[in-house]
Amino acid sequence: MFPKDGWINFHETTSLVRLIWSSLNLKDQSGLWEYHNFTSDSSYWANGNYNLSLKFSNEDCEKINSIEFNVPDNKNAELNFLIVQFHDDFGLLKKYS
């Protein structure tokens with residue numbers, strides 16, 4: 001997903017990240033999701049074959065550089081909810097690859 005005017009003009013990173021954290025319950029908090037921070041400028045949530053990754057433009061994580069979803073068969077309620085919210089609340093557009 002991406003903003004129509006590009007990430008450079010997107011100023012709602014904090015709100016978007018808060019939405020993710022409030023929507024994906026982690027395993028260590030009785031949820032289904034694992035969270036990984038493999039690099040200082042990325043975040044990764046996984047639940048089996050489903051995942052969401054954020055890449056930030058720097059280590060301060062102030063600006064998003066990309067968002068990628070893996071939702072096989074569109075069968076994950078949490079990620080499907082986030083896709084709708086990202087579009088409705090933040091104006092993000094879908095890009096399929």
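**Figure 1. Ser 42, a buried residue of strand β3.** In this predicted model, Ser 42 has a relative accessible area of 13% and is therefore buried (buried means under 20% relative accessible area, exposed over 50% and partly exposed in between, with a 1.4 Å probe and protein chains only). Ser 42 lies in strand β3; helices (H or I, at least four residues) and strands (E, at least two) are DSSP runs, numbered from the N terminus. Its side chain makes a polar contact of 2.6 Å with the side chain of Thr 39. A polar contact is a pair of N or O atoms within 3.5 Å; within protein, one atom must be able to donate a hydrogen and the other to accept it, and residues adjacent in sequence count only if both atoms are side-chain atoms. Leaving aside residues up to four places away in sequence, Ser 42 touches Tyr 35, Asn 37, Leu 54, Lys 55 and Phe 56, where contact means heavy atoms within 4.5 Å. Residue numbers start from 1 along each chain as its sequence is written, and side-chain values use heavy atoms, with hydrogens and water left out. Because the model is predicted, local features need pLDDT of at least 70 and side-chain atom pairs count only at pLDDT 80 or more, whereas totals for chains, interfaces and linings use all residues.

**Figure 2. Strand β3 and its pairing with β2.** Five of the six residues of β3 (residues 42-47) are buried, so this strand is largely enclosed by the rest of the structure. Strand β2 (residues 34-36) runs antiparallel to β3 and is joined to it by three bridges; two strands pair if DSSP finds at least two bridges between them. Tyr 35 has Trp 45 of β3 as its bridge partner. The two strands form a hairpin, with five residues between β2 and β3.

Figure 3. Strand β4 (residues 50-56) is antiparallel to β3, and six bridges join the two. Asn 47 stands opposite Tyr 50 of β4, and Trp 45 has Leu 52 of β4 as its bridge partner. Two residues lie between the strands of this hairpin, in which Gly 48 takes a positive phi near 65°. In a regular strand, side chains alternate between the two faces of the sheet.

**Figure 4. Strand β4 and its pairing with β5.** Six of the seven residues of β4 are buried, so β4 is largely enclosed by the rest of the structure. Strands β4 and β5 pair in the antiparallel sense over six bridges. Phe 56 has Ile 64 of β5 as its bridge partner.

**Figure 5. The largest nonpolar core.** This core has 24 residues, of which Leu 16, Ile 20, Ile 67, Phe 86 and Leu 92 touch the most other members. A nonpolar core is a set of buried Ala, Val, Leu, Ile, Met, Phe, Trp, Tyr and Cys residues joined through side-chain atoms within 4.5 Å. Two or more residues each come from α1 (13-23), β4, β5 (64-70) and α2 (77-90). Helix α2 gives the largest share, five residues. Leu 92 touches Met 1, Phe 2, Pro 3, Trp 7, Phe 10, Leu 16, Ile 67, Phe 86 and His 87, not counting residues up to four places away in sequence.

**Figure 6. Leu 82 in helix α2.** Leu 82 is located in helix α2 and counts as buried, at 0% relative accessibility. Apart from residues up to four places away in sequence, Leu 82 touches Leu 19, Ile 20, Ser 23, Leu 24, Leu 52 and Phe 69. From Leu 82 to Trp 21 the separation is 61 residues in sequence and 11 Å in space, C-alpha to C-alpha.

**Figure 7. The chain around these views.** The chain has two helices and six strands, in the order β-α-β-β-β-β-α-β from the N terminus. Its C-alpha trace spans about 35 × 30 × 25 Å along the principal axes. Of the 97 residues, 38% count as buried. Among contacts in the chain with a separation of 6 or more, 44% are between residues 24 or more positions apart.
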